[in-house]
Amino acid sequence: MAIRSKTFRESYYEDIKLFQTIWIKFWMMLFIIALVAVPFVTDPYLVYIIDISCIATIAALGLNILTGFTGQISLGHAAFLAIGAYTTAIFASTLNMKFWVCLPASGVAAACAGLLVGIPCLRLKGLYLAMATMSFGVVVEYVTVTWEDLTLGVRGISVPTLDVFGYALDSNEKLYYFLVAVTALAVIAATNLVRTRVGRAFIAIRDRDIAAEVMGVNLTRYKVLAFAIGSFYAGVAGGLYAYVMHYIHPDHFTFLLSVQYLAMIIIGGLGSVLGSVFGAVFVTVVPEFIKALAQTMTLVFPALEDKYDDAWNIAAFGLLIMLFLIFEPKGLSGIWLRIKTCFKNWPYTY
Amino acid sequence: MNVKRVLGVVLVCALTCFFSSPAMAARGVTDDTIKLGLILVKTGPVAALGLPDGHGMVDYMKYLNEQGGVHGRKIDVIWEDDEFQPPKSVAALQKLIHRDKVLTVITTGGSQQTIANMKTINDYKLSNVPNALMKEFFDPYHPYIFAMGALYETQFECIVDYIFNDLKEKNPRIGVVYTKKEYGKIGLNAIRERAKAYGVDLVNELVLPTGAVDASSQVLTLKQNNVEYVITCDVLPPIISFVKTTEKYNYKPKAIFGFNWATDDMIVKACGKAAENYIGANFVGGWSDDSPGVKLAKKIAKKYGRDEKSIGLTSLYLHGIGASLLFGEAFKRAGRDLNPDSLKAAFETFRDFDSGGIFPPLSYTDKSHAPPEMIKLFKADVPNKRLKAITGWRKPMKMK
């Protein structure tokens, strides 16, 4: 009698299942329970940090689809976030629209902008594309500052509290469940996307665009689509950011933010959905962790108290990123994969 | 104990600090301590503005503690760096409230930071003195915002009044150099309106970005148009670049004016003779003033080993001392029963509060938290490398 292997699949349906083994389902359930329990077992500050991480995760997913999966480098991701944030802010504060109009509208507005950038950038690659997307960021920043009738310019726009079908999400804990749900949706959608024909076309373009075209991948269509999808994610993240911050200003969406998102996907792992999540959480949480570590160090070694400076945190964070790029170029998802393989093969080491 | 074990203990402690939420009976007040938060920039491009301000705030509280504290309680100031970024200020405020459990915060930073934190400020009743000078913060009334400094509009109106009334100009050629930040745009509008009220149109309105290190195009344009009075609406670093550039092109307007964020002895120290026609407006006194408040500030600075060089911008150190002075007085007035409500009520008892010349007499009521709309004008004293007061506290003139 043949013994069925745990990874043996008998149908296409089994092959495309998201959670393929009982253990994956078990750990996933445990993770969901932990997520639900977070606001009950920790303080609102940590909940706030997770809220911010969720928004960063959605935006990083968008950039990873564009840069990590399709190979189209973008230095203008903050501009798409700005478009999403301003769409929500204007719709919610001026037109009193509900979230179920504002958030999709933010995504669509950013996706349209993505199409606008994607089409003229079709023939650009590498540094040239990076420059073009960076210039787009400058244009958006200029528009948000100068189109005062719409954006209120440098005064910024105040955004009302997020109201979900009459229930005001007016605290970090209430926002938490909403943000986790939207992030879960975004992660599942991205995971599914990369497994479809579209996702495989993206990867083919990234690996060798000429070969992809020879195989029948329509470069124009898929490159523009990657821009639109990546921008849609950024737009939704921008909309959520507006709701969480309650106030947006052109200074919130600078070139530095685009670089930060690029850092997230490099640290997390290019071309990996899980890498986007890891990268976003890492970049958001680690500065806080370094700060806590530095404060603990001053308690353990009181002599350091007068010497400690906040600039240390920034330097330590920069150093950490450098070490990462040198010793773990596959990012956090690479480490995760190794840990998983190690457990899978235990007690064997290969 | 080997190194690995020490590192392990430190890591566990850091994780515990990060994930734990300390419990306290009442937020920020115990029998012997008042926990007070402070959010101000410590690192990044504008750290030079935040550090002296924050040091002034912290030093005054240290001084107060050494005098016995307030009603037997010592004040513990927790200073968080926001890098002058509103999202970081919002995160810092969340940490201060939920993790450090502070009673309130002295300030949450500038205009953007205060607006971004407004909901939290109201939800947690955080009486604070914003480092921002916009009308929106007290009109309409915000219950927990106590404005301390004169509005940008007030400062620029006083400057234009000075040109027409003190310098007796009839038809001066005025040019404005501004940045596209809220204070720059507000300043430009205020100057334009005020000059118009005197029947004069501005000759030039030129943008000088905050990060500018050279102002050649602006200086040459002003020179070409024979502008006699230049009014600048930008912070100190670009104004230093601007003043230095005027010297480079031998452009000598009758006066170059600046507002509070560019009114500091540093401009004379950095520009030397090029700053001889510089006149600045400020809602805090000057470091060379002979007032009891400024003397106290100097005494405190000396006590904690700060000389002028290590302070940096002395006007901002004075501002910091002034803001903490307000809180110290409010704590005293609130008595032993200190909580967010009693603190707000204490602030609202201020009537012509005398800071000894650090800032003008100040009053708050339960209907208005407006600042005293008064400033002083200071002129460069190049030999002594100082700005010296050339007026007393003054308000804009009433226009017909």
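The model is predicted, so local features need pLDDT of at least 70 and side-chain atom pairs count only at pLDDT 80 or more, while totals for chains, interfaces and linings use all residues. Residues are numbered from 1 along each chain as its sequence is written, chains are lettered from A and ligands numbered from 1 in written order, and side-chain values use heavy atoms, leaving out hydrogens and water.

The interface comes first. Contact (heavy atoms within 4.5 Å) involves 37 residues of chain A and 35 residues of chain B. The buried area between the two chains is about 3,200 Å². Buried area here is the accessible area (1.4 Å probe) that two parts lose on being put together, summed over both. Carbon and sulfur atoms give 66% of the area buried between chain A and chain B.

Across this interface, 8 residue pairs are in polar contact, both residues being at pLDDT 80 or more. A polar contact is a pair of N or O atoms within 3.5 Å; within protein, one must be able to donate a hydrogen and the other to accept it, and residues adjacent in sequence count only if both atoms are side-chain atoms. Five helices of chain A, α3 (44-69), α6 (126-146), α11 (219-245), α13 (273-300) and α14 (311-327), each supply at least two residues of the side that touches chain B. Helices (H or I, at least four residues) and strands (E, at least two) are DSSP runs, numbered from the N terminus. The largest share of this side of chain A, 10 residues, comes from α13(A). By class, the side has 19 nonpolar, 10 polar and 8 charged residues. Ala, Val, Leu, Ile, Met, Phe, Trp, Tyr, Cys and Pro count as nonpolar, Asp, Glu, Lys and Arg as charged, and the others, Gly among them, as polar.

Between chain A and chain B the count is 4. One of these joins E148(A) and K185(B), with N and O 2.4 Å apart. This pair runs from helix α7 of chain A to helix α6 of chain B. E148(A) is partly exposed, at 37% relative accessibility, whereas K185(B) is buried, at 18%. Buried means under 20% relative accessible area, exposed over 50%, and partly exposed in between (1.4 Å probe, protein chains only).

E136(B) forms a salt bridge with R155(A), the closest N and O atoms being 2.4 Å apart. The pair joins two chains, because E136(B) lies in the loop between α4 and α5 of chain B and R155(A) in the loop between α7 and β1 of chain A. E136(B) is partly exposed, at 31%, and R155(A) is partly exposed, at 35%.

Within chain B, D341(B) and K125(B) meet in a salt bridge of 3.2 Å, N to O. They lie 216 residues apart, D341(B) in helix α13 (residues 340-347) and K125(B) in the loop between α4 and α5. A network of salt bridges links D265(B), K269(B), E308(B) and R386(B).

The expected span is 1.5 Å times one less than the number of residues. Helix α6(A) has 21 residues and should span 30 Å; its end C-alpha atoms are 31 Å apart, which agrees. Its buried residues include L129(A), F136(A) and V140(A). The buried residues of α6(A) pack against α4 (77-93), α5 (99-118), α7 (148-151) and α11 of chain A, and against α6 (182-197) of chain B. In chain B, 11 of the 13 residues of α3(B) are buried, so this helix is largely enclosed by the rest of the structure.

Individual residues follow. T57(A), in helix α3 of chain A, is buried, with a relative accessible area of 2%. I205(A), in helix α9 (residues 197-207) of chain A, is buried at 4%. I205(A) and G71(A) are 134 residues apart in sequence and 7.2 Å apart in space, C-alpha to C-alpha.

A cis peptide bond joins D139(B) and P140(B), with omega about 5°. N96(A) is not a glycine, yet has a positive phi of about 55°. N96(A) is exposed, at 60% relative accessibility.

Key. Salt bridge = Lys/Arg side-chain N within 4 Å of Asp/Glu carboxyl O.
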